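Let us walk through a protein chain together. Keep the sequence beside you and follow the residue numbers as we go.

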Amino acid sequence: QVQLVESWGGLVQAGGSVRLSCAASGRTCSIAAMGWFRQTPGKERQFVATVLWSGGAAYYADSVKGRFTISRVNGKNTTYLQMNSLKPEDTAAYYCAVDRHVHGAVERTTSRAYDYWGQGTQVTVSS
């Protein structure tokens, strides 16, 4: 089992920045990748970004490319999501997740590829 704890998101004005963190504990040796998803009420969970634990390659949803940066610190079993130039449409509950396997380009963007999930943290961007 892997447990995930996310930092507090909060309220930010459009154009502002927020950095989320997610710390993993437990069987962290099983981590192949860590990702971030987001969800708004009534909608499916949406892929945001993921980072491979070995090598650090990062992948992003088109909607956040150039604005968000995902990173990881292996020694701390922690992943970060730096979100800049935030827009009201970025408002959502953000979830971090652990993938125990390295998936292909399509599958790594789907929630079913991930094995463990954090509790979620709300980010609200005001216009």
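Are Arg-38 and Asp-90 buried or exposed? Arg-38 is buried, and Asp-90 is buried as well. Here buried means under 20% relative accessible area, exposed means over 50%, and partly exposed lies in between, using a 1.4 Å probe and protein chains only.

A word on the source. This is a predicted model, in which local features need pLDDT of at least 70, side-chain atom pairs count only at pLDDT 80 or more, and totals for chains, interfaces and linings use all residues. Residues are numbered from 1 along each chain as its sequence is written, and side-chain values use heavy atoms, with hydrogens and water left out.

Now for the charges. Side chains of opposite charge can pair when their charged atoms come close. A salt bridge is a side-chain nitrogen of Lys or Arg within 4 Å of a carboxyl oxygen of Asp or Glu. The whole structure holds 4 salt bridges.

Start with Arg-38 and Asp-90. They form a salt bridge, and their closest N and O atoms are 2.9 Å apart. Arg-38 lies in strand 4 (residues 33-39), while Asp-90 lies in the loop between strand 8 (78-83) and strand 9 (92-99), so the pair ties together parts that are 52 residues apart in sequence. Strands are DSSP runs (E, at least two residues), numbered from the N terminus.

Asp-90 has another partner. Asp-90 also forms a salt bridge with Arg-67, with the closest N and O atoms 2.7 Å apart. Arg-67 sits in the loop between strand 6 (58-60) and strand 7 (68-73), and this pair links parts of the chain 23 residues apart. Arg-67 is buried too, like Asp-90. Together, Arg-38, Arg-67 and Asp-90 are linked in a network of salt bridges.

Compare Asp-62 and Lys-65. Their side chains meet in a salt bridge at 3.2 Å, N to O. Asp-62 is exposed, with a relative accessible area of 66%. Lys-65 is partly exposed, at 49%.

Next, look at strand 8. Of its 6 residues, 5 are buried, so strand 8 is largely enclosed by the rest of the structure. Two strands pair if DSSP finds at least two bridges between them. Strand 3 (residues 18-26) pairs with strand 8 in the antiparallel sense over 6 bridges. There, Val-18 stands opposite Met-83. Strand 7 also pairs with strand 8, antiparallel, over 6 bridges.

Finally, find the turn. Strand 7 and strand 8 form a hairpin with 4 residues between them. Asn-77 in that turn has a positive phi of about 50 degrees.
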